[in-house]
Amino acid sequence: PPSPPSPPAAPAAPLFGGEPLGSSKLHFPAAAPHQQQPTKIWGDKPHAPLPTNAWWQNIVLDDGGKLGEESIYPMPLVVKTLPDGLHACSPTDAEKTASVGGITIPMIDALSLASKETPSGRAIIAHDPLSVTMRWTVGSGAHFDAPIVRGAPYASAVYQKVTPQLRFLGGGGVKSLDGNAIPEGGQLSAKGRRFSLELGNGQKWTLYTNASPTTPRIGPLSEA
């Protein structure tokens, strides 16, 4: 049989090492800071590199003086992160507009997750390709966070040392609570951790709480 091939010879000189190709210093001019710096919604010390063209990018951009107030589309919900809290809606097919350029999905403010205390500011505390979490600061150690997850059918908030406040802003307000009609100008209350809400536009939402059984008081255009 033929002899096995000989092993390859070692290189005459190390591939990495020896004298550098040159010793002169490079004199590239330092680039000027970009005209559009990260907004304060990125937080005090954002970690570079920051994502660009992310699906949630609107919540950090300044659009004509309105900082982070444009809609984002995690779908099936459409949400905004406004100074007072998380605003969400679930547009119906009748509210969507089709054209040659695509489908326009409106943001019709149905409800918001906020707090009775007025937030002093908001900033992103976490993000990844499928989610972004916004924090509203209310005071020292007091805040509430809203994780926004792509594809999630829930609008959620986690509260720390603040009083939760659920507002019904559009959609015709709240028509019934757990199947019981809310009288005009009145309120209904219920105790539990799961509540069924029917809005004036016919949409049905379910309210969950992980706290001990609570007793929200809900009116037609009210807060809970």
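Predicted model: local features only at pLDDT ≥ 70, side-chain atom pairs only at ≥ 80, totals over all residues.
**View 1. The largest cavity has a lining of 10 nonpolar residues, one polar residue and no charged ones.** The largest cavity has a volume of about 70 Å³. Look for Pro74, Leu77, Val79 and Leu86 in its lining, along with Pro147, Ile148, Val149, Ala152, Tyr154, Ala155 and Ser156. Strand β10 (residues 142-149) gives the most to this lining, with three residues. In total, the structure holds two cavities of 30 Å³ or more.

**View 2. Four strands make up an open sheet, in the order β8-β9-β10-β11.** The pairing in this sheet is antiparallel. At the edges you'll find β8 (121-128) and β11 (158-160); each has a single partner strand, so one side of each is left without a neighbour in the sheet. On average, neighbouring strands are turned by 20 degrees against each other, direction ignored.

**View 3. Now zoom in on β8 and its partner β9 (residues 131-139).** These two strands pair in the antiparallel sense over seven bridges. Which residue is the bridge partner of aspartate 128? That's serine 131, in β9.

**View 4. The second largest pocket holds about 390 Å³ of space.** It is lined by 21 residues, and the closest to its centre are Ile41, Trp42, Gly43, Ala123 and Ile124. Strand β8 turns up again here: it gives the most to the lining of the second largest pocket, with seven residues. How do the lining residues of this pocket divide into nonpolar, polar and charged? There are 12 nonpolar, five polar and four charged.

Note on methods
Residues numbered from 1 in each chain as written. Heavy atoms only, no water. Pairing = 2+ DSSP bridges. Axes fitted to C-alpha atoms, helices over the stretch in contact; angles between N-to-C directions. 1 Å grid on protein atoms, 1.4 Å probe; cavity = no way out; pocket = protein on both sides within 12 Å on 5 of 7 lines; lining within 4 Å. Points joined across faces, edges and corners; volume = space filled by probe spheres on them. Nonpolar A, V, L, I, M, F, W, Y, C, P; charged D, E, K, R; others polar.
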